[in-house]
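Here are my notes on the structure you sent, as numbered points. Please read them with the model open.

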Number of protein chains: 2
Amino acid sequence: VSILYYSAGDPEGRLLAKLRELLPAETILAWPERGDPAAITQAIVWLPPDDFFDGLDNLTHVLSIAAGVDNLLLHPGLSPSLPIVRLQDAGMGEKMAEYVLYGTLHAHRQMPDLLLAQRERRWAREVRTRSAAKFNVGILGAGAIGRVVAERLHANGYAVSCWSRSPKEVPGVTCYAGEAALNDFLNPLQVIVCMLPLTDATRGILNKRLFSALPVGAYVINPGRGAHLVENDLLDALDQGQLSGALLDVFATEPLPAEHAFWNHERIMITPHLAAPSPVRQSAEQIATSLRCIARNETPPGLVDRDQGY
Amino acid sequence: VSILYYSAGDPEGRLLAKLRELLPAETILAWPERGDPAAITQAIVWLPPDDFFDGLDNLTHVLSIAAGVDNLLLHPGLSPSLPIVRLQDAGMGEKMAEYVLYGTLHAHRQMPDLLLAQRERRWAREVRTRSAAKFNVGILGAGAIGRVVAERLHANGYAVSCWSRSPKEVPGVTCYAGEAALNDFLNPLQVIVCMLPLTDATRGILNKRLFSALPVGAYVINPGRGAHLVENDLLDALDQGQLSGALLDVFATEPLPAEHAFWNHERIMITPHLAAPSPVRQSAEQIATSLRCIARNETPPGLVDRDQGY
């Protein structure tokens, strides 16, 4: 038997090499090499090509090299009954916490206004910042990674809350759950962060209605998925002053097209989908652990619930 | 007897009101009101006018409403034998820690390069960030405020070191002391932060020689004093690529003149001397405590050593 590997983001084969090192008894083939397709029992993938699954009739599991499986669930060749295992926090939480803390400090210390003043060569001494304890940061999503982000913000003195589908508990963080609690969650926020999985229920959640439930001058951080954001609603809310700025890592189309209105918007900061790359060593270790679970007929951590979409 | 108050930064009289509230038995006069100048025994000041001290012949102490007393020491009317008491960390440490953490994250997460890529509408996926534990941040100065900054950076996972005139100890932070250790301190730094008092020994310390001792691409954060920085040396080091950027809060001339080259330099971020304003309540409490010490003939904390200059 063998395992088939494909990643759109591992040009030097570092993750593949680490997996082979951690699993010396396994045969791990690198697509397009496949040997006997019927002998392949697991696939390890990120953004596999459309014909990737053709002829892999004996797969028991697909292991995702990312925490988000929205793209994989839409893959035209993926059997709807095949179990999918996604990465949990494999070190992405740490990087994500840095990214969101950066955006939070940028908003808290009024950098959108100060950078505009700088463009105008204006000494904006009138700008005031509130104490971190009175600066409310809300996180949509309280999964493995959102939780690490929430804890980091809390450790830095911010008033942190989170919102999720089902009730959660995070020490020091006010947790809201369910659609009915969304407005109460949004009303006091100076910063809103989207850390949700992309599902039919969360697609377009960052929209006009949500922005208007925030206080005037709120700031948006989106390191989730581009499809969470209704891009024109963001532009409108910025231009109307309802929002003071946005830090965006993900976009409806990636790479962000050169002609897109976001690039030169003076209140938008763009990063090219690198808020929280999956670290090679920890990702490989987590995938190896899952494969060992599967070999023992145990349920691997991170098994995707297809009805929930994550 | 009475106390004379003047602040260039308290237009609404909030600090004055708080001082009167904390010291109900004292007569605190607001300059230019002075009553009988010979009855004034202490002065509480920030940037007092040149004639402020005229006729105040019975002063025992001057209390500074700031941690930095470099301007006060240069005041033409100040007697060279008069004891000066400066603020210790009266809540400024917290604000300063936010400011320096912001600048550190900006450098660590490669935002100078990413913002330039954004201007060019370029999807800069090639940008890599190292782990915080391998990102070296050095703080010039390890006083009350520098220490709070160092601890906050350490708590966020950075490799932090500090350098000071005399040996210090800060938990989790590598401490260097004295001129001979300066190069060893500078050599590994990705970020250099200036938190020194401004004295004859530190004036112009951020200069060409110091920049060239840093690794190529280092980042400068200066929330100290404008006169710490040789401004043309910074411009040269940025333009030669020796430095990747700078976050500056203080300048040789403030407000920064509209024609200054810093305003539109694409690798310089400017804030208008508001990294760490002295909070009203805590500043008033610390000054009240000092006045009570003085009334009991005790040495107040924060007594300035004029030979050291802080």
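**Notes on the predicted model**

1. Helix α5(A) buries A:Ile145, A:Gly146, A:Val149, A:Ala150, A:Arg152 and A:Leu153. These residues lie on the same side of α5(A), because they cover an arc of only 165 degrees around the axis. An α-helix has 3.6 residues a turn, so residues three or four places apart point the same way. Please keep in mind that this is a predicted model.

2. The cover over the buried residues of α5(A) includes α3 (92–108), β6 (136–140) and β7 (159–164) of chain A. The helix itself runs over residues 144–155 of chain A, twelve residues in total. From first C-alpha to last, α5(A) reaches 17 Å, close to the 16 Å expected at 1.5 Å a residue. Just after this helix, A:Gly157 has a positive phi of about 90 degrees.

3. Helix α9 of chain A (residues 280–295) can be checked in the same manner. Its end C-alpha atoms are 22 Å apart, which agrees with the 22 Å that 16 residues should span at 1.5 Å a residue. Just after α9(A), A:Asn297 takes a positive phi of about 60 degrees.

4. Which residues of α9(A) are buried? They are A:Ser283, A:Ala284, A:Ile287, A:Ala288, A:Ser290, A:Leu291, A:Cys293 and A:Ile294. The elements that the buried residues of α9(A) pack against are β1 (2–7), α1 (14–22), β3 (40–46), β4 (61–64) and β5 (84–85) of chain A.

5. Between chain A and chain B, 46 residues of chain A are in contact with 46 residues of chain B. The two chains bury about 3900 Å² between them, and 58% of that is on carbon and sulfur atoms.

6. On the polar side of the interface, 31 residue pairs of chain A and chain B are in polar contact, counting pairs with both residues at pLDDT 80 or more. Two salt bridges are found across the interface of chain A and chain B. The side chains of A:Glu98 and B:Arg109 form a salt bridge, at 3.0 Å from N to O. On chain A, the elements giving two or more residues to the side that touches chain B are α3, α4 (111–119) and β12 (268–270). Helix α3(A) supplies the largest share of that side, eight residues.

7. In chain B, helix α3 (residues 92–108) contains B:Thr104. B:Thr104 counts as buried because its relative accessibility is 0%. Apart from neighbours within four places in sequence, B:Thr104 is in contact with B:Phe135, B:Val137, B:Leu153, B:Tyr158, B:Val191 and B:Ile221.

Methods:
Residues numbered from 1 in each chain as written. Chains lettered and ligands numbered in written order. Predicted model: local features only at pLDDT ≥ 70, side-chain atom pairs only at ≥ 80, totals over all residues. Heavy atoms only, no water. Helix = DSSP H or I, 4+ residues; strand = E, 2+ residues; numbered from the N terminus. Expected span 1.5 Å × (residues − 1). Buried < 20%, exposed > 50% of the residue type's maximum accessible area, 1.4 Å probe, protein only. Arc of directions from axis to C-beta. Contact = heavy atoms within 4.5 Å. Buried area = accessible area lost by both parts, 1.4 Å probe. Salt bridge = Lys/Arg side-chain N within 4 Å of Asp/Glu carboxyl O. Polar contact = N/O pair within 3.5 Å; in protein donor to acceptor, adjacent residues only side chain to side chain.
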